[in-house]
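Hello,

Here is the structure I said I would pass on. Please open it first, then read the notes below alongside it.

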Amino acid sequence: MNGTETRIWEPQHECMDRAELEQLQLERLEATLSRVYRHVSFYRKTFDGIGFNPDDFRSLADLARLPFTTKADLRQNHPYGLFAVPLRDIVRVHASSGTTGLSTAVGYTRNDMRTWSNLTARVLVAGGVGKEDVVQIAFDYGLFTGAFGLHQGAERLGASVVPVSSANARRQVGIMRDYRTTALVTTPSHALNIADAMIEMGVNPAALSLKHGLFGAEPWSESMRKEIEEKLEITATDNYGLSEVMGPGVAAECLEKKGLHLAEDHFLFEVIDPDTLAPVPPGTPGELVVTTLTKEGIPVIRYRTRDLTAILDAPCPCGRTLRRMARVKGRTDDMLIVKGAKVFPSEIEAVLLEIEGTEPHYQVQVDREAGTDLVTVLVEVSESLFFDEMKKQSVLRDTIVKRLASELGVTVDVKLVGKKTLERSDGKARRVVDRRKLD
Amino acid sequence: MLRLRNVDAGYGPLSVLRRVTLHVAAGEIVTIVGANGAGKTTLLETVAGLVRPRAGEIVFDGTGITRVATERIVALGCSLVPEGRQVFAPMPVRENLLLGAHVQYARGKRHEVAEDLERVYRLFPILRSRDGQLAGTLSGGEQQMLAIGRALMARPKLMMLDEPSMGLAPLVVKDIFAILRRIREAGTTVLLVEQNARGALRIADRGYVLETGRIVLQGTAEELLANRDVQRAYLGSDLDAENRVMP
C-alpha cells in the first residue's frame, strides 16, 4: 500500500479463514475439556457440580454453560492444584504479577513454551520488529511473565535481544544509545520515564536508532501513545496478556494501531457484562473472559480477567483475520464509584494528557466515607510553575477540575504537586492508591 | 477435505465414539493415535459409511456424507484400506487390483483403468512381478501393498488406512510409510490410523490422540511427539524420549 510490506509471523494462523478457525477452535476446546475433566480435580468438581458433562459439549455456543474460573479459584489451588500435567512435565514456572494481592503460580510444558514464543514473536512482528532488530527488554526478569515472554519471542524471531531488565531510566537510555537499540519493550509509563531521562541527559531521540516501542502490562491511553511516539520518535503499539492464561502474546496491535489482534487460534475470547455475567455482542464493552485452547501445563476455562474491553469484529486492513479487542480501559476492580458514576483511572489519565503544563505522572487516591468514594487526583506540574506562579497554578488546577468534571460527569478533587514527587517505579506505575475498606 | 463435528458412534448398546471433532485438509497426512479399543477403527468405519453415526456431522469434500451409503462415499473419492488387508486370497494380484477399479467403471472412466494399473505397478514394482500370482501366496508386506494399490485404483481424493503397519517387519513398515508419503506427494490426502505412533507421527503433518472414544489432544506431529503424555502412553520409553526431544 504505502510501500511498507506488512509482515506477519504466522500467516497460516493469523490470516486463517474464519470457518476453518472455528473448526480448529472447536477441536481444541473439546480436547481441552476432555483433558481438564480427566486431569484436574477442580474442573471435574465444578463441572459435576453444575451437572455439566463435557461429552455433551457440542458447539462454541455451549461455552456459556460452563462455569467461570476466577483469581480466587487460582489462589485456593495455589501453587499446583490446577496443573493438568505432573510437575516433571513442567519446564518453567512463573507467577502472576499480583496486581491485586497474592500472586499465583503458572506452569509451562515444553510445548507451551514453544507456543508462547511463537505468540510473542507475533506480537513483535505485528509491532514492526524483524530479525534485523536490536530489542531492548526493559521489564523486570523474574516471576513476572513480561520479560521472559517477549524475550523468547524475540529470540524465536531471530532478533538480537538485549535483556537490560529493570535498570533505571538513565541506564536504559545509555544502553539504548551505545547498543543502537531499535525496539524497546517495556511498560508505557516506563517509556515516559525513559523519554524524560533522555531530555535530562541531553540525548536527542532523533540521533538514536530506536524505531519501535512495544508496550504492555498496564492500561494506557491514546494520548499517552501520541506523547510517547512524539517524545521518542517511534511507533508505539499496545500488547496484552496475563500470566493466568499465558503471559504476553494473548493480543497485540498491528501497525494500524486500532485495537489488538486476539490470538484466537490459541484462546477463546468472550466479553461478558460484569454484573449479569451474560456474554455481550461484539462492540459492547464488558469484562474479557479467556479460555485456553492449547495450554498443556495449566489450561483455564472461562477465566475472568477483570479487564474491561470490547471485541471488535470489523476486518483489519493488515490482512490478519483474527478479530481485535479494544484497548483495555481498566479493570473491573479499578472502577471507582464516585457519587454514583462509574469512573476509571484511565479516563482521568486521558484528560490529564490533553492539558498543557501537566506532566504525564499522576496518582488517583481513593478513600471511602459513608459509602461514597472520595477521589483526589494528584498531578505533577513542571518546577517553574510549581514554585513561582501561584496564579497560573490555580488557573491550571481549575482547568483540570473542569475538564475532569465534563469528561467524567462528576467533580473530583485535584492537587498539584512538584515534579518527581510522586512515587516512580521501573515496573508498573502505581496510578491508583485505594484506601477504601471494602468488605 | 474431511470434516467431522461432534460425531457419536457405536455398536448396539455400546458407545464407542464421543463427540469426535476433527478435520483433514487437502494434501495433508493426518494420523489418529490411540491405544487398542480407543475407537480408531470405528472412526474410519464411520467416515466410510460402514457404521452409522448416532449424532454429529461428517462432510467430505463439501458434501454431507453423514448417512450416505458406502458405495456412494467411495464414488465421491474416499477410500478405506481396512485393517488386516483383506485381499481376495484365491484371486491373482491383477484381478484384486481391478476389483478396486469398479468405481472408475461406474464413473465411465473405463479407458483410464489401464493407465491407473500402470501407475500402481510403478509405485509397487513388486506387484508387477507378482502380477499373476494368487494374492494368498504373497507375504504380509506385499499383501498390504496390494490393499493400498487396490484402493488407489479407485482414484481416491482421500485414502484412509487402518493400521497398515500391523504385523509387518520393521523394514517393511518403513517401506509402507515411505509409500504413503509418495502417495501424498502424488496428490492424495491421507488419514492414517496407527498403533505405531512414532512411525505415523514421523510422516504425518498433524495428529489427534483418541482415548476411550474422545479426542484428548490434537496438534502438529511435532507438538504431539514433544508431548509427555503421548511419549509415555504411545511412544514407549520415557527416557528415550527425554534424550531425544530438544527445545
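**Notes on chain A**

Among contacts in chain A between residues at least 6 apart in sequence, 66% join residues at least 24 apart. Please keep in mind that this is a predicted model.

Overall make-up and size come next. Chain A holds twelve helices and 21 strands. Its C-alpha trace spans about 70 × 55 × 40 Å along the principal axes. Of the 439 residues in chain A, 49% are buried.

Now one set of paired strands, which you can follow by residue number. Strand β3 of chain A covers residues 134–137, and strand β4 of chain A covers residues 160–162. The two run parallel and are joined by three bridges. One residue pair to look for is Q136(A), whose bridge partner in β4(A) is V162(A). Between β3(A) and β4(A), the chain passes through helix α6 of chain A, residues 145–157. This β-α-β crossover is right-handed.

Which other strand is joined to β3(A) by three bridges? That is strand β5 of chain A, residues 183–186, which runs parallel to β3(A). Here V135(A) has A183(A) in β5(A) as its bridge partner.

Regards

Methods
Residues numbered from 1 in each chain as written. Chains lettered and ligands numbered in written order. Predicted model: local features only at pLDDT ≥ 70, side-chain atom pairs only at ≥ 80, totals over all residues. Helix = DSSP H or I, 4+ residues; strand = E, 2+ residues; numbered from the N terminus. Buried ≥ 20, exposed ≤ 12 C-beta atoms within 10 Å, placed from the backbone. Contact = placed C-beta atoms within 7 Å. Pairing = 2+ DSSP bridges. Right-handed = clockwise from strand over helix to strand, strands pointing away.
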